[in-house]
There are 2 protein chains.
Amino acid sequence: MKYILTISIAIASLGSAFAAPTVRDEPIQPIQPAKVENPAKVELGKKLWFEPRLSMSGIISCNTCHNLSRGGTDNLKTSIGHGWKAGPVNSPTVLNSSLAIAQFWDGRAANLQEQAAGPIQADIEMNMPHTLALDVLQSIPGYVAEFKGVFGKEQIDMDMVTSAIAAFEETLVTPNSRFDKWLKGDDKALDAKELAGYTLFKESGCVACHNGPAAGGTSFQRMGLVEPYQSTSPAEGRSAVTGVDADRFNFKVPTLRNVEMTYPYFHDGEAATLEEAVDIMGRLQLGRTYNDDEIGKIVAFLKTMTGDQPQLTMPILPPSSNATPRPDPFQ
Amino acid sequence: MKYILTISIAIASLGSAFAAPTVRDEPIQPIQPAKVENPAKVELGKKLWFEPRLSMSGIISCNTCHNLSRGGTDNLKTSIGHGWKAGPVNSPTVLNSSLAIAQFWDGRAANLQEQAAGPIQADIEMNMPHTLALDVLQSIPGYVAEFKGVFGKEQIDMDMVTSAIAAFEETLVTPNSRFDKWLKGDDKALDAKELAGYTLFKESGCVACHNGPAAGGTSFQRMGLVEPYQSTSPAEGRSAVTGVDADRFNFKVPTLRNVEMTYPYFHDGEAATLEEAVDIMGRLQLGRTYNDDEIGKIVAFLKTMTGDQPQLTMPILPPSSNATPRPDPFQ
């Protein structure tokens with residue numbers, strides 16, 4: 001009996017090994033390519049992603065602050081929205097966001113679909129009441145036909161809108177970074193400095209938070225664990241959602257995928273460079289002061305996590321009809 | 001001798017007829033597809049077209065007001081620029097703009113390259129001094145390499161920037177509209193109503209101004225020729241360039257290509273619909289009041305001039321370096 005059990009375990013191990021024979025056992029796993037199950041829905045979601053008519057001004061779309069030409073961010077400390085208002089926190093990248101446990105820095109949206117509803121109506125972002133957004137879409141024959149094709153209904157609702165946007169966002173993953181090639185067994189994908197950077201990153205404890213395929217997004221953590229973080233940002237983090245004082249300054253750990261492109265860093269965007277961000281993280285989160293050589297190695301490693309950016313054909317948006325409510329930038 | 005001359009003329013005529021045997025002899029000619037002579041320069045120009053770092057705020061690019069998902073316009077009466085300032089005139093479409101005699105509504109730029117320099121530094125548009133724009137580009141290794149590949153120089157200058165943008169813009173033509181198919185001899189490309197609309201458009205005199213491949217862009221004309229045009233717009237038109245009082249309210253005739261997508265209409269964007277625009281044009285420019293049936297026919301014809309929109313893969317913009325001057329939205 002003991003003999004049989006041992007053989008079974010050995011076979012199970014072998015099976016597991018054969019399933020992914022060359023992926024290294026590391027706290028960060030390779031990004032998987034997107035599987036598109038409903039191309040028509042993704043295509044509709046792409047149009048909505050680039051659709052400025054979802055904003056009161058007629059010029060702000062999802063892509064304004066999560067620019068897919070720029071790592072899915074706007075590269076500003078905090079974003080500019082309707083009426084040139086500044087947002088309270090840094091726009092996180094949309095790339096690989098489907099891999100996160102929740103959405104927004106404070107995790108107040110459980111998933112991408114729930115997230116997508118927020119910025120459309122937020123007065124400092126797109127400032128568009130959902131009812132008016134739906135009136136706009138319903139007045140555009142091209143959209144009515146496309147929503148019907150995807151959802152089988154004439155009447156467009158917000159669930160359909162956000163579900164299509166989320167379906168598009170789920171395709172925005174960035175596989176095939178050099179680090180992923182190394183994870184899959186290609187020893188030459190990283191040079192000695194980059195590998196030393198990864199070893200230091202791992203051994204000094206960064207992976208406690210920056211783990212999983214996105215190298216982040218798997219937990220909420222206090223910003224300023226060892227030393228307090230000094231910030232003028234009004235953002236209080238997770239406590240705004242849970243109401244629990246112990247959650248103050250707890251933020252979702254950001255992904256480090258494509259981090260070379262997603263500057264500036266932290267929830268307040270106050271770290272302008274990767275070097276600055278690594279230095280601050282070391283001191284505040286790990287109680288460790290990295291020297292310049294160590295910072296250089298970690299930064300070299302971080303830059304190997306830039307993956308294939310989504311190759312997108314710009315959508316051609318269907319024209320408004322005479323009945324379409326017109327934008328009002330100065331409302 | 002006379003005999004030989006006659007034969008030569010006959011052969012020349014035949015040659016001409018054979019060169020384009022099926023194109024109808026009409027005041028509007030088909031749009032020709034773009035010929036790309038220098039793909040690397042066009043690709044660089046595309047990156048610059050989508051480059052928000054050419055603006056002080058870091059969020060406004062050429063594509064913000066000339067959105068290639070929306071017929072090359074922003075579909076606003078007048079555009080919103082730096083600091084949420086409103087511009088004085090409607091943003092004209094970039095599509096087929098290479099076919100115009102000059103650029104801007106008042107023709108103050110002789111060509112696309114000259115035009116491209118304007119909005120970058122205009123304080124109500126991108127608000128970016130050229131010197132700073134060049135400092136930004138020069139600090140980005142990806143751009144330095146790409147400019148060197150195209151222009152053979154390490155030092156980037158504004159001529160290189162605007163020349164690359166213009167090269168990209170020259171590719172933004174929209175051939176193969178249904179009207180073009182009809183022009184090339186396909187009788188079934190237009191239905192009876194559309195053809196009646198074109199006949200009315202031609203016979204009532206619209207083609208006096210809206211002619212050539214772009215159905216416009218070939219001349220400057222007074223807005224309000226028969227009756228004065230009432231507008232609160234400060235724009236004075238061509239006189240601002242020539243200093244000649246007789247040129248007041250003379251504007252470049254806009255193209256009617258893709259006019260279904262380029263609403264609202266006129267230099268002040270005050271005509272919200274095509275029906276309104278046709279009615280006003282008839283009365284003010286031709287002294288003719290079209291009835292609803294006539295307006296419907298002309299609008300049906302105008303909508304046949306929507307051509308193939310440029311199919312563009314969104315560029316991935318090279319990341320800033322630590323030395324890159326950061327945007328300042330509130331400057």
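Helices (H or I, at least four residues) and strands (E, at least two) are taken here as DSSP runs, numbered from the N terminus. The structure is a predicted model, in which local features need pLDDT of at least 70 and side-chain atom pairs count only at pLDDT 80 or more, whereas totals for chains, interfaces and linings use all residues. Residues are numbered from 1 along each chain as its sequence is written, chains are lettered from A and ligands numbered from 1 in the order in which they are written, and side-chain values use heavy atoms, with hydrogens and water left out.

In chain B, N96(B) lies in the loop between β2 (85-86) and α4 (112-121), and this residue has a positive phi of about 65 degrees although it is not a glycine. Cis peptide bonds were also assigned. The bond from Y263(A) to P264(A) is cis, with omega near -10 degrees, and P264(A) is located in the loop between β4 and α11 of chain A. In chain B, the bond from Y263(B) to P264(B) is likewise cis, with omega near -15 degrees, P264(B) being placed in the loop between β4 (250-252) and α11 (274-286) of that chain.

The unreviewed UniProt entry places the feature "domain: Cytochrome c" at residues 40-148 and 192-306 of chain A; UniProt positions are given in the numbering used here, feature names are shortened, and annotations may be inferred rather than shown by experiment. Residues 40-148 of chain A are 38% helix and 4% strand, and the end C-alpha atoms of this span lie 11 Å apart. For residues 192-306 of chain A the corresponding values are 35% helix and 5% strand, with the end C-alpha atoms 18 Å apart.

With contact defined as heavy atoms within 4.5 Å, 100% of the contact residues of chain B recur in chain A, so that the same surface serves both copies, and the contact takes 43 residues from each of chain B and chain A.

Across this interface no salt bridges are found, a salt bridge being a side-chain nitrogen of Lys or Arg within 4 Å of a carboxyl oxygen of Asp or Glu. Over all chains, by contrast, the count comes to 28 salt bridges. One of the pairs joins D180(A) and R257(A), whose closest N and O atoms are 2.7 Å apart. This pair links distant parts of the chain, 77 residues apart, with D180(A) in helix α8 (residues 178-183) and R257(A) in the loop between β4 (250-252) and α11 (274-286) of chain A.
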